[in-house]
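This briefing collects the points of fold and packing that can be followed in the model shown below.

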Amino acid sequence: MTTTAGATAGTAAGVEVRDLRQEEATEWARLCSRGFLETRAPTEAAGDLRWRRTEGHRRRVGVDGGRLIASFRSYGVDLPVPGGHLPADAISSVVVAASHRRQGLLRRLMTEDLRAAKDRGDALAVLIASEAPIYGRYGFGTATTACRWELDVREARFRGDPVRDGAVVLDHVSDADLVDVAPRLFARVHATAAGEHPRDGLWWPMALGLVEDPDADAREQRPAVVAREPGGDVVGLLRYRAGGDLSGGDRRRAAQVRVLDLLAATPAATAALWRAAAEVDLAASVVADHRPTTDPLPLLLADARAAVRSHDADFVWARVLDVPAALEGRRYAATGGLVLEVVDPLGLAGGRWRLDVTADDAGTGAAEVTATTAEPDVVVGVDVLGTVVLGQGSPAPALAAGLVDERTPGAAARLGTLLAHPSSAVLTRTWF
């Protein structure tokens, strides 16, 4: 069954699938809040804010007996990939009420959205998976990972001091001072961070406390640090919250600094801002969630063990919708070629292609992808391709798990070498 944007679709098993209506915004917010186990029920004001934050998005809902029982939101983004950008379909707010699961509702919402995204010309679809077993069925694979870094301030000794050496100057400011600075810096960092989600619309106004958020504590202190080069250019930003209890008998350092954002365009800014976080008064530890596993923090320390990595987890999942567009729209750090066959149960991106990567005028690898009937060197599922398309994953684990059919010895390693890219270390993690 087909439908057009804004029109009411037919019903399946008594459930109507259609676009969300503005008067349903609060009910929609509550459905999503329950689905993601949030502790506070959204108010009408919070529902209105969610509606405004998602203006222009495709907001689909399932309705049964006049009650919202399913949610599915998607919207177009310009997604950074190694050496470029690709049009992508960002998927979020996916919820099906417990009373209506295992009835094919999510499959309908997902497949309709993915087919429409392909028809629009999106090369990829991306999401953050709350439940990992769900999305492999639809061709998504883990494309980026994240972790928690915790720094024991009392054990931390930094190798250098970029501020003392004159490489950067730090200014202590508040969130409200960043309205012009933060978006520009993020855009600079974002441009080369493969898989990093853009921060458009109300993202920065809300983060900086410039838009009234019914769920936020207006009394919260909002400290920040800006790193500038001697010429004045902003090259780094640290936003954090700190808290602790000094009311008891133990008057030693007790505060924990929780990093919200650490954006840096240069190595000196990275080092200076990590050091600034560790030097917050009374801090005993610094905790930063959703950071890259390749964060240089341990290498900034005389004793790398003072920084502990934990909570490693998948972050962005990617789903290839158009193999030639996805592979030709990025750049490569190596050259070479092979015949790649992609298996796609949904029939969106399956096929057999010749991938040839040659050096371009800029000195990076550029790909040409052509359909072929030649025997494949390697056969992968579309979900496996999603794990490597952004340059951060490797097909080696999938090969070891029997998920890659290597017809030519060494072809999987060759594919991994071609797709890996040194610029693919994501510098921050943005939820969407």
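Leu 208 has 2% relative accessibility, under the 20% limit, and therefore counts as buried. The model is a predicted one, and Leu 208 sits in its loop between H6 and S10.

**Surroundings of Leu 208**

- Leaving aside neighbours within four places in sequence, Leu 208 is in contact with Asp 175, Ala 176, Leu 178, Val 179, Arg 222 and Arg 239.
- Leu 208 and Leu 419 are 211 residues apart along the chain, and their C-alpha atoms are separated by 37 Å.

**Aromatic pairs**

- Four aromatic pairs occur in the structure.
- One of these pairs, Phe 186 with Trp 204, is edge-to-face, with 6.2 Å centre to centre and 70° between the planes.
- Because Phe 186 belongs to helix H5 and Trp 204 to helix H6 (residues 203-207), this pair ties together parts that lie 18 residues apart in sequence.
- The rings of Trp 203 and Trp 204 have centres 4.9 Å apart and planes at 70°, so this pair is edge-to-face.
- Through ring pairs, Phe 186, Trp 203 and Trp 204 are linked into a cluster.
- Phe 186 counts as buried at 3% relative accessibility, and Trp 204 counts as buried at 6%.
- Trp 203, at 24% relative accessibility, counts as partly exposed.

**The seven-stranded sheet**

- Seven strands make up an open sheet of mixed pairing, in the order S9-S10-S11-S12-S13-S8-S14.
- Its edge strands are S9 and strand S14 (307-314), each of which pairs on one side only.
- From one strand to the next, the twist averages 25°.
- Five bridges connect S10 and S11, which pair in the antiparallel sense; Val 226 has Leu 237 in S11 as its bridge partner.
- Helix H5 (residues 181-190) packs on this sheet through S11 and S12, and its direction makes about 115° with that of S11.
- H7 also packs on the sheet, touching S8, S9, S10, S11, S12 and S13, and its direction makes about 20° with that of S11.

**Helix H7**

- Helix H7 (residues 267-278) has twelve residues, which at 1.5 Å a residue should span 16 Å; the end C-alpha atoms are 17 Å apart, so the two values agree.
- Ten of the twelve residues of H7 are buried, and the helix is thus mostly covered.
- The buried residues of H7 include Leu 273, Trp 274 and Arg 275, together with Ala 269 and Thr 270.
- Their cover includes strand S8 (145-152), strand S9 (169-174), strand S10 (223-228), strand S11 (234-243), strand S12 (255-264) and strand S13 (283-291).

**The six-stranded sheet**

- A further open sheet has six strands in the order S16-S19-S18-S17-S20-S21, again with mixed pairing.
- Strand S16 (331-332) and strand S21 (404-406) are the edge strands, and each pairs on one side only.
- Strand S20 (residues 378-381) runs antiparallel to S21 and is joined to S21 by three bridges; Val 379 stands opposite Asp 405 in S21.
- Helix H11 (residues 411-419) packs on this sheet, where it touches S16, strand S17 (336-343), strand S18 (351-359), S20 and S21.
- The direction of H11 makes about 105° with that of S17.

**Nonpolar cores**

- In soluble globular proteins, nonpolar side chains tend to be buried together.
- The largest nonpolar core has 46 residues, of which Leu 124, Val 320, Leu 327, Leu 340, Leu 355 and Val 380 touch the most other members.
- H11 supplies the largest share of this core, five residues.
- Not counting residues up to four places away in sequence, Leu 124 touches residues including Leu 79, Val 81, Leu 86, Val 320, Leu 321, Val 389 and Leu 390.
- Another core, of 33 residues, lies apart from the largest one, and its members include Val 153, Tyr 240, Val 257 and Leu 301.

Notes:
Residues are numbered from 1 along each chain as its sequence is written. This is a predicted model: local features need pLDDT of at least 70, side-chain atom pairs count only at pLDDT 80 or more; totals for chains, interfaces and linings use all residues. Side-chain values use heavy atoms; hydrogens and water are left out. Helices (H or I, at least four residues) and strands (E, at least two) are DSSP runs, numbered from the N terminus. The expected span of a helix is 1.5 Å times one less than its number of residues. Buried means under 20% relative accessible area, exposed over 50%, partly exposed in between (1.4 Å probe, protein chains only). Contact means heavy atoms within 4.5 Å. Two strands pair if DSSP finds at least two bridges between them. Axes are lines fitted to C-alpha atoms, for helices over the stretch in contact, and angles run from 0 to 180 degrees between N-to-C directions. A nonpolar core is a set of buried Ala, Val, Leu, Ile, Met, Phe, Trp, Tyr and Cys residues joined through side-chain atoms within 4.5 Å. Rings of Phe, Tyr and Trp (its six-membered ring) pair if their centres lie within 6.5 Å; planes under 30 degrees apart count as stacked, over 60 as edge-to-face and the rest as tilted.
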